[in-house]
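The following exercises concern a single protein model. Please work through each task before reading its solution.

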Amino acid sequence: MYNPYQIVNNIYYVGVNDRHKMFFENMIPLPNGVSYNSYLIVDEKVVLIDTVDTAFCEQFLRQIKEILGNRVVDYVVVDHMEPDHSASLLALIREYPEIQIVGNVKTISMITGFYDICKGFYEVGDGDTLSIGQHQLQFYLTPMVHWPEVMMTYDVTDKILFSADAFGCFGTLDGAVVDAKLQSLDKYWHEMYRYYANIVGKYGSAVQQAFKKLATLSIETIASTHGPIWTSNRLPQVMSVYDKLSRYEGEKGVVVVYGSMYGHTEEMAETVARGIVENGIPVVLHDVSKSHSADILADIFKYKGLIIGSPTYCNGLYPEIASLINKLEVRGVKNRIFGAFGSFTWAGTSVKNLNLFAEKMGWELIGTVEQKQSLSLENSKSLLELCNSMSLSIK
Ligand SMILES: Cc1cc2nc3c(=O)[nH]c(=O)nc-3n(C[C@H](O)[C@H](O)[C@H](O)COP(=O)(O)O)c2cc1C
Ligand SMILES: [Fe+2]
Ligand SMILES: [Fe+2]
């Protein structure tokens, strides 16, 4: 028995929890699972907003039927084509052959490309309205708030923004779907950083564009495609997290990430972490071989300072560090205050490579320390100087 969640009058949550998937996009660990959110508006016309991952297709259709009985779904709005939201479309059409698929010109071409669906489209453009009875739906194109076809659907009547991936986070919805009814929101705030850094991270300027476009709307509820439905009390916090992240505006704090085979670079990392903390600045320390890059990226998006340590390895960076900085480059992380350190034995290149990387990213470089073999007293002092410069810049 499903027992549907009614969000407001005649708007139901019909999404699902995925507690099985190990890695989102086959890369990002899901220790708290993930939800694929979908919403059903039952008015003179019945409208479904987005669908769910194909693994949950049967459950999804059952939930819809439980609410609708013999009524049919008249429209499905496709806000985002990534398959975690669109892959149940084919089954939905099989169930409701007369359904109209609402999307913009880019969505429609992707639907044809992915699913070989060529008819039944209801094309909308930026600002268009669809009246379905009591409810008026308005569509806002917000390209690259994850993919180029992404749009958001605003329910003028209930002031709900169906925001696609924006404002989403990982984490299943346990026993409730609306923020005010969930026992604790702690895990979702952390998961919001992980979600943003790993999924939306590259598209900060697109998120800012979307903010501008939505600025005039009166929004009382945000219903995204992942995580809790956010209502009045929490909206400012959710908006603020996304706003800061998309402006690459880090909080006061330093992430120290290092790789180390035999402990020499690690000793430098310990010295750095201590030096920063003694200046009263929060530190997060990651051993690149132990922490998953998804978690390291979340912290790097969160904090303003970044110090990376790498041994020289076959004339270059420690491969795990090379992989991490590639991920930072892919996401175009901006505005970081940066320091570097590393140990070598015969010809050091790692610190030089880290400097070149920081230059390429346009970051402020506040210092470097390169150590031949074991950490010397002199270089311990240099590391503390690096910490002091970092702390001054952060403050
Ligand atoms: C597989 C491997 C490759 C290395 N390549 C270089 C190198 O190209 N140049 C160099 O100066 N040292 C090289 N080293 C030596 C290490 O950089 C050096 O011992 C450093 O102190 C190791 O730091 P760690 O104790 O933090 O792992 C290499 C060591 C290993 C194990
Ligand atoms: Fe997406
Ligand atoms: Fe998504």
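**Exercise 1.** Determine how many bridges join strand β9 to strand β10, and state how the two strands run.

*Solution.* Step 1: β9 (residues 75-77) and β10 (residues 100-103) run parallel and are joined by three bridges; strands here are DSSP runs of E with at least two residues, helices are runs of H or I with at least four, and both are numbered from the N terminus. Step 2: valine 76 has isoleucine 101 of β10 as its bridge partner.

The model is predicted: local features require pLDDT of at least 70 and side-chain atom pairs pLDDT 80 or more, whereas totals for chains, interfaces and linings use all residues. Residues are numbered from 1 along each chain as its sequence is written, chains are lettered from A and ligands numbered from 1 in the order in which they are written, and side-chain values use heavy atoms, without hydrogens and water.

**Exercise 2.** Give the strand order of the open sheet with seven strands, and identify its edge strands.

*Solution.* Step 1: the order is β1-β2-β7-β8-β9-β10-β11, with mixed pairing; two strands pair if DSSP finds at least two bridges between them. Step 2: β1 (5-8) and β11 (121-123) each pair on one side only and are the edge strands. Step 3: from one strand to the next, the twist averages 25 degrees; angles run from 0 to 180 degrees between N-to-C directions, along lines fitted to C-alpha atoms, for helices over the stretch in contact.

Step 4: helix α1 (residues 57-68) packs on the sheet, touching β2 (11-13), β7 (39-42) and β8 (46-49), where contact means heavy atoms within 4.5 Å. The direction of α1 makes about 20 degrees with that of β7. Step 5: helix α4 (residues 105-115) also packs on the sheet, where it touches β10 and β11, and its direction makes about 155 degrees with that of β11.

**Exercise 3.** Explain why the buried residues of helix α12 lie on the same side.

*Solution.* Step 1: Asn379, Ser380, Leu383, Leu386, Cys387, Met390, Ser391 and Ile394 are buried in α12 (under 20% relative accessible area; exposed is over 50%, partly exposed in between; 1.4 Å probe, protein chains only). Step 2: these residues are on the same side of α12 because they cover an arc of only 135 degrees around the axis, taken from the directions from the helix axis to the C-beta atoms. Step 3: Leu377, Glu378, Lys381, Glu385 and Leu392 are exposed on the other side of α12. Step 4: the packing partners of the buried residues are β17 (251-258), α8 (264-278), β19 (303-309), β22 (337-344) and β23 (364-372).
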